[in-house]
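Keep the structure open beside you as you read.

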Amino acid sequence: MTTSPHESEKLRLLAVELAQEAGDLIRERPDTLHVTSKSSPTDAVTQMDAASEELLRRRLSEVRPDDAILGEECPDTPGTSGLTWVLDPIDGTVNYLYDSLQYAVSVAVVEGSNDPSSWAAVAGAVCRPSTGDTWSAAAGAGAFRGERRCQVRGTHDLGTALVATGFGYTVERRTHQAHVVSKVIPAVRDIRRGGSAALDLCAVADGSLDAYYEKGLGPWDHAAGALIATEAGAIVTDGRGGQPTSELIVAGGPAVHDALARCVNKAMHDAPGG
Ligand code: LIP
(Lines give C-alpha, C1' and ligand atoms only; values in the text may rest on other atoms or scores of the structure.)
Protein backbone atom coordinates (compact mmCIF):
# COMPACT_ATOMS: atom_id res chain seq x y z
CA MET A 1 0.00 0.00 0.00
CA THR A 2 1.34 3.44 -0.90
CA THR A 3 -0.90 5.55 1.36
CA SER A 4 1.03 6.64 4.45
CA PRO A 5 -0.24 5.89 7.98
CA HIS A 6 -0.78 9.62 8.52
CA GLU A 7 -2.86 9.92 5.33
CA SER A 8 -4.75 6.73 6.19
CA GLU A 9 -5.74 8.21 9.54
CA LYS A 10 -6.97 11.39 7.84
CA LEU A 11 -9.02 9.25 5.45
CA ARG A 12 -10.45 7.26 8.38
CA LEU A 13 -11.59 10.46 10.06
CA LEU A 14 -13.18 11.61 6.77
CA ALA A 15 -14.94 8.25 6.36
CA VAL A 16 -16.34 8.58 9.89
CA GLU A 17 -17.52 12.15 9.19
CA LEU A 18 -19.21 11.19 5.91
CA ALA A 19 -20.85 8.03 7.28
CA GLN A 20 -22.24 9.99 10.21
CA GLU A 21 -23.52 12.81 7.98
CA ALA A 22 -25.36 10.32 5.78
CA GLY A 23 -26.52 8.50 8.92
CA ASP A 24 -28.04 11.72 10.24
CA LEU A 25 -29.88 12.16 6.95
CA ILE A 26 -31.45 8.70 6.79
CA ARG A 27 -32.28 8.53 10.50
CA GLU A 28 -34.88 11.26 9.86
CA ARG A 29 -37.28 8.92 8.07
CA PRO A 30 -39.78 10.64 5.75
CA ASP A 31 -43.48 10.07 6.35
CA THR A 32 -43.61 8.08 3.13
CA LEU A 33 -40.90 5.76 1.83
CA HIS A 34 -41.07 5.31 -1.92
CA VAL A 35 -39.99 1.70 -2.45
CA THR A 36 -38.84 0.17 -5.72
CA SER A 37 -37.08 -3.15 -6.32
CA LYS A 38 -33.85 -4.17 -8.09
CA SER A 39 -32.76 -7.79 -8.63
CA SER A 40 -36.09 -9.24 -7.43
CA PRO A 41 -39.38 -8.04 -5.85
CA THR A 42 -37.79 -8.46 -2.39
CA ASP A 43 -34.60 -6.51 -3.22
CA ALA A 44 -35.90 -3.14 -1.99
CA VAL A 45 -34.50 0.33 -2.53
CA THR A 46 -35.95 3.60 -1.23
CA GLN A 47 -35.52 7.26 -2.02
CA MET A 48 -33.36 7.48 1.12
CA ASP A 49 -30.81 5.04 -0.33
CA ALA A 50 -30.44 7.41 -3.28
CA ALA A 51 -30.43 10.54 -1.09
CA SER A 52 -27.74 9.06 1.14
CA GLU A 53 -25.47 8.18 -1.76
CA GLU A 54 -26.06 11.57 -3.40
CA LEU A 55 -24.96 13.28 -0.17
CA LEU A 56 -21.84 11.09 0.08
CA ARG A 57 -20.96 11.71 -3.57
CA ARG A 58 -21.51 15.46 -3.30
CA ARG A 59 -19.30 15.73 -0.23
CA LEU A 60 -16.57 13.59 -1.82
CA SER A 61 -16.63 15.79 -4.94
CA GLU A 62 -15.97 18.74 -2.63
CA VAL A 63 -13.18 17.30 -0.50
CA ARG A 64 -11.69 14.49 -2.63
CA PRO A 65 -12.39 15.53 -6.26
CA ASP A 66 -9.64 13.35 -7.78
CA ASP A 67 -10.76 10.10 -6.14
CA ALA A 68 -12.94 7.48 -7.87
CA ILE A 69 -16.29 6.39 -6.43
CA LEU A 70 -17.97 2.97 -6.52
CA GLY A 71 -21.44 3.06 -4.97
CA GLU A 72 -24.40 0.70 -4.73
CA GLU A 73 -27.03 2.99 -6.20
CA CYS A 74 -25.31 5.32 -8.71
CA PRO A 75 -22.98 4.88 -11.72
CA ASP A 76 -19.25 4.66 -11.02
CA THR A 77 -17.23 7.89 -10.94
CA PRO A 78 -13.69 7.58 -12.38
CA GLY A 79 -10.71 9.16 -10.63
CA THR A 80 -7.03 9.97 -11.12
CA SER A 81 -5.65 9.66 -7.57
CA GLY A 82 -5.49 5.85 -7.35
CA LEU A 83 -7.99 5.90 -4.48
CA THR A 84 -11.59 4.67 -4.80
CA TRP A 85 -14.39 5.34 -2.29
CA VAL A 86 -16.72 2.34 -1.91
CA LEU A 87 -20.16 3.38 -0.66
CA ASP A 88 -23.19 1.53 0.70
CA PRO A 89 -25.65 4.35 1.41
CA ILE A 90 -27.96 2.08 3.39
CA ASP A 91 -26.75 -1.41 4.24
CA GLY A 92 -29.70 -3.35 5.61
CA THR A 93 -32.25 -1.64 3.43
CA VAL A 94 -35.02 -4.11 4.30
CA ASN A 95 -34.41 -3.41 8.00
CA TYR A 96 -34.61 0.32 7.24
CA LEU A 97 -37.86 -0.26 5.34
CA TYR A 98 -39.30 -2.10 8.37
CA ASP A 99 -37.96 0.58 10.77
CA SER A 100 -35.80 -1.85 12.72
CA LEU A 101 -32.40 -0.89 14.17
CA GLN A 102 -29.93 -2.95 12.11
CA TYR A 103 -29.14 -0.69 9.20
CA ALA A 104 -25.96 1.23 8.48
CA VAL A 105 -24.04 3.58 6.22
CA SER A 106 -20.78 2.04 5.04
CA VAL A 107 -17.94 4.20 3.66
CA ALA A 108 -14.58 2.75 2.67
CA VAL A 109 -11.60 3.96 0.67
CA VAL A 110 -9.36 1.50 -1.17
CA GLU A 111 -6.34 1.79 -3.40
CA GLY A 112 -4.81 -0.06 -6.36
CA SER A 113 -8.05 -1.42 -7.77
CA ASN A 114 -11.84 -1.24 -7.37
CA ASP A 115 -12.03 -5.04 -7.47
CA PRO A 116 -12.46 -6.49 -3.97
CA SER A 117 -10.35 -9.51 -4.88
CA SER A 118 -7.31 -7.30 -5.37
CA TRP A 119 -7.86 -3.86 -3.80
CA ALA A 120 -5.92 -2.68 -0.73
CA ALA A 121 -8.30 -1.29 1.88
CA VAL A 122 -6.97 1.97 3.33
CA ALA A 123 -9.69 3.13 5.74
CA GLY A 124 -13.36 2.66 6.44
CA ALA A 125 -16.28 3.54 8.70
CA VAL A 126 -19.68 1.95 9.41
CA CYS A 127 -22.30 4.11 11.12
CA ARG A 128 -25.45 2.64 12.72
CA PRO A 129 -27.71 5.72 12.88
CA SER A 130 -30.35 4.05 15.08
CA THR A 131 -27.94 3.78 18.02
CA GLY A 132 -25.28 6.38 17.16
CA ASP A 133 -22.54 3.75 16.98
CA THR A 134 -19.72 4.15 14.48
CA TRP A 135 -17.02 1.59 13.85
CA SER A 136 -13.89 2.57 11.94
CA ALA A 137 -10.39 1.50 11.01
CA ALA A 138 -7.30 2.62 9.13
CA ALA A 139 -5.01 -0.06 7.70
CA GLY A 140 -2.42 -1.12 10.25
CA ALA A 141 -3.80 1.12 13.00
CA GLY A 142 -6.45 -1.00 14.68
CA ALA A 143 -10.25 -0.92 14.74
CA PHE A 144 -12.48 1.22 16.93
CA ARG A 145 -16.09 1.44 18.07
CA GLY A 146 -16.24 5.12 18.80
CA GLU A 147 -13.02 5.69 20.72
CA ARG A 148 -12.88 2.17 22.14
CA ARG A 149 -10.51 -0.29 20.45
CA CYS A 150 -12.17 -3.45 19.10
CA GLN A 151 -10.88 -6.99 19.53
CA VAL A 152 -12.35 -10.22 18.17
CA ARG A 153 -13.50 -12.89 20.64
CA GLY A 154 -11.00 -15.63 21.40
CA THR A 155 -13.41 -18.51 20.79
CA HIS A 156 -11.37 -21.60 19.91
CA ASP A 157 -14.02 -24.09 18.88
CA LEU A 158 -16.46 -23.81 15.98
CA GLY A 159 -18.96 -25.79 18.04
CA THR A 160 -19.25 -22.89 20.53
CA ALA A 161 -19.07 -20.11 17.93
CA LEU A 162 -21.94 -17.67 17.38
CA VAL A 163 -22.10 -17.26 13.59
CA ALA A 164 -24.02 -14.79 11.42
CA THR A 165 -24.97 -15.13 7.82
CA GLY A 166 -27.34 -13.63 5.26
CA PHE A 167 -29.46 -14.61 2.32
CA GLY A 168 -29.91 -13.27 -1.19
CA TYR A 169 -32.96 -12.05 -2.99
CA THR A 170 -33.74 -14.78 -5.55
CA VAL A 171 -35.54 -18.08 -4.89
CA GLU A 172 -32.71 -20.11 -6.43
CA ARG A 173 -30.02 -18.40 -4.34
CA ARG A 174 -32.10 -18.65 -1.13
CA THR A 175 -32.77 -22.35 -1.74
CA HIS A 176 -29.02 -22.92 -2.12
CA GLN A 177 -28.28 -20.88 1.01
CA ALA A 178 -30.92 -22.74 3.03
CA HIS A 179 -29.11 -26.01 2.26
CA VAL A 180 -25.78 -24.47 3.25
CA VAL A 181 -27.03 -23.06 6.56
CA SER A 182 -28.69 -26.41 7.36
CA LYS A 183 -25.18 -27.91 7.44
CA VAL A 184 -23.67 -25.01 9.41
CA ILE A 185 -26.30 -24.89 12.18
CA PRO A 186 -25.37 -28.31 13.68
CA ALA A 187 -21.67 -27.36 13.65
CA VAL A 188 -21.88 -24.08 15.59
CA ARG A 189 -23.32 -22.64 18.83
CA ASP A 190 -26.05 -20.77 16.98
CA ILE A 191 -26.85 -18.70 13.91
CA ARG A 192 -27.82 -15.04 13.73
CA ARG A 193 -29.25 -13.24 10.71
CA GLY A 194 -29.00 -9.50 11.28
CA GLY A 195 -29.67 -8.22 7.76
CA SER A 196 -26.60 -5.98 7.36
CA ALA A 197 -23.27 -7.42 6.28
CA ALA A 198 -21.47 -4.26 7.37
CA LEU A 199 -22.87 -4.53 10.90
CA ASP A 200 -22.25 -8.29 11.02
CA LEU A 201 -18.59 -7.64 10.23
CA CYS A 202 -18.44 -4.93 12.90
CA ALA A 203 -19.99 -7.39 15.36
CA VAL A 204 -17.17 -9.83 14.61
CA ALA A 205 -14.73 -6.96 15.23
CA ASP A 206 -16.14 -6.05 18.63
CA GLY A 207 -16.80 -9.59 19.82
CA SER A 208 -20.61 -9.69 19.70
CA LEU A 209 -20.28 -12.38 17.05
CA ASP A 210 -17.57 -15.03 16.67
CA ALA A 211 -17.81 -15.29 12.88
CA TYR A 212 -19.79 -14.41 9.78
CA TYR A 213 -20.10 -15.82 6.27
CA GLU A 214 -22.20 -14.94 3.25
CA LYS A 215 -22.39 -15.62 -0.46
CA GLY A 216 -23.47 -12.97 -2.93
CA LEU A 217 -22.43 -9.65 -1.38
CA GLY A 218 -21.71 -6.51 -3.36
CA PRO A 219 -18.28 -4.90 -2.81
CA TRP A 220 -19.98 -2.01 -0.97
CA ASP A 221 -21.56 -4.41 1.57
CA HIS A 222 -18.21 -5.53 2.97
CA ALA A 223 -15.55 -2.96 1.95
CA ALA A 224 -15.46 -1.09 5.27
CA GLY A 225 -16.60 -3.90 7.57
CA ALA A 226 -13.94 -6.32 6.29
CA LEU A 227 -11.15 -3.84 7.10
CA ILE A 228 -12.65 -3.12 10.54
CA ALA A 229 -12.87 -6.85 11.33
CA THR A 230 -9.33 -7.44 10.04
CA GLU A 231 -7.93 -4.60 12.12
CA ALA A 232 -9.68 -6.10 15.18
CA GLY A 233 -7.78 -9.37 14.70
CA ALA A 234 -10.16 -11.33 12.47
CA ILE A 235 -9.19 -13.30 9.40
CA VAL A 236 -11.41 -12.18 6.51
CA THR A 237 -11.20 -14.11 3.24
CA ASP A 238 -13.11 -15.65 0.35
CA GLY A 239 -12.99 -18.94 2.23
CA ARG A 240 -10.04 -20.08 0.11
CA GLY A 241 -7.22 -17.80 1.23
CA GLY A 242 -7.99 -14.85 -1.02
CA GLN A 243 -9.75 -11.55 -0.40
CA PRO A 244 -13.54 -11.58 -0.06
CA THR A 245 -15.56 -11.53 -3.31
CA SER A 246 -19.20 -11.88 -4.31
CA GLU A 247 -18.67 -15.65 -4.28
CA LEU A 248 -18.04 -15.81 -0.55
CA ILE A 249 -16.88 -13.89 2.50
CA VAL A 250 -15.80 -15.68 5.70
CA ALA A 251 -14.77 -13.63 8.73
CA GLY A 252 -13.75 -14.90 12.15
CA GLY A 253 -11.13 -15.06 14.82
CA PRO A 254 -7.99 -17.04 13.93
CA ALA A 255 -9.18 -20.23 15.68
CA VAL A 256 -12.64 -20.24 14.08
CA HIS A 257 -12.20 -18.85 10.56
CA ASP A 258 -10.56 -21.90 8.98
CA ALA A 259 -13.01 -24.41 10.50
CA LEU A 260 -15.97 -22.31 9.37
CA ALA A 261 -14.52 -21.89 5.88
CA ARG A 262 -14.10 -25.67 5.55
CA CYS A 263 -17.66 -26.28 6.76
CA VAL A 264 -19.18 -23.65 4.44
CA ASN A 265 -17.18 -24.68 1.37
CA LYS A 266 -18.22 -28.33 1.74
CA ALA A 267 -21.86 -27.35 2.29
CA MET A 268 -21.79 -25.06 -0.77
CA HIS A 269 -20.23 -27.81 -2.89
CA ASP A 270 -22.96 -30.27 -1.87
CA ALA A 271 -25.92 -27.86 -2.04
CA PRO A 272 -28.10 -27.52 -5.17
CA GLY A 273 -27.91 -24.39 -7.29
CA GLY A 274 -25.56 -21.65 -6.34
C1 LIP B 1 -27.78 -6.54 2.50
C2 LIP B 1 -26.55 -7.20 3.07
C3 LIP B 1 -26.94 -8.45 3.87
C4 LIP B 1 -27.61 -9.42 2.95
C5 LIP B 1 -28.88 -8.78 2.43
C6 LIP B 1 -28.57 -7.49 1.66
P7 LIP B 1 -28.38 -4.26 1.31
O8 LIP B 1 -27.36 -5.43 1.74
O9 LIP B 1 -25.88 -6.29 3.89
O10 LIP B 1 -25.81 -9.06 4.46
O11 LIP B 1 -27.91 -10.61 3.62
O12 LIP B 1 -29.54 -9.70 1.59
O13 LIP B 1 -27.82 -7.81 0.51
O14 LIP B 1 -29.11 -4.80 0.10
O15 LIP B 1 -29.31 -3.99 2.42
O16 LIP B 1 -27.51 -3.08 0.96
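A polar contact is a pair of N or O atoms within 3.5 Å; within protein, one must be able to donate a hydrogen and the other to accept it, and residues adjacent in sequence count only if both atoms are side-chain atoms. This is a predicted model, in which local features need pLDDT of at least 70 and side-chain atom pairs count only at pLDDT 80 or more, while totals for chains, interfaces and linings use all residues. Residues are numbered from 1 along each chain as its sequence is written, and side-chain values use heavy atoms, with hydrogens and water left out.

Now find the ligand. One of its oxygen atoms lies 2.8 Å from a polar backbone atom of F167. Side chains take part too: a polar side-chain atom of D91 is 2.7 Å from an oxygen atom of the ligand, and for R193 a polar side-chain atom lies 2.8 Å from a ligand oxygen. How much of the ligand does the protein bury? Taken alone, the ligand exposes 380 Å², and the protein buries 94% of that (areas come from the Shrake-Rupley method with a 1.4 Å probe; for residues, only the protein chains shown count as cover).

Around the ligand there are 17 residues, and D91, G92, T93, A197 and E214 come nearest (a residue is near if one of its heavy atoms lies within 4 Å). The shell has six nonpolar, five polar and six charged residues. Here Ala, Val, Leu, Ile, Met, Phe, Trp, Tyr, Cys and Pro count as nonpolar, Asp, Glu, Lys and Arg as charged, and the others, Gly among them, as polar. The strands β4 (83-91) and β12 (211-214) each supply at least two residues of this shell, and β4 gives the most, with three. Helices (H or I, at least four residues) and strands (E, at least two) are DSSP runs, numbered from the N terminus.

On a 1 Å grid over the protein atoms alone, a cavity is a set of points where a 1.4 Å probe fits but cannot get out, and a pocket is an open set with protein on both sides within 12 Å along at least five of seven lines; lining residues have an atom within 4 Å of a point. The space taken by the ligand is the largest pocket (more than half of a molecule's atoms must lie within 2 Å of the grid points). The largest pocket has a volume of about 720 Å³, a volume being the space filled by probe spheres set on points joined across faces, edges and corners. Of the 34 residues lining the largest pocket, D43, F167, G168, Y169 and D221 are closest to its centre. Its lining has nine nonpolar, 12 polar and 13 charged residues.

The second largest pocket holds about 220 Å³ of space. W119, A121, A226, T230 and Q243 are the closest to its centre among its 13 lining residues. The helix α6 (219-231) gives the most to this lining, with six residues. By class, the lining has nine nonpolar, three polar and one charged residues.

Finally, there is one cavity of 30 Å³ or more, and about 70 Å³ of space lies in the largest cavity. Its lining includes F167, E214 and M268. The largest share, three residues, comes from α4.
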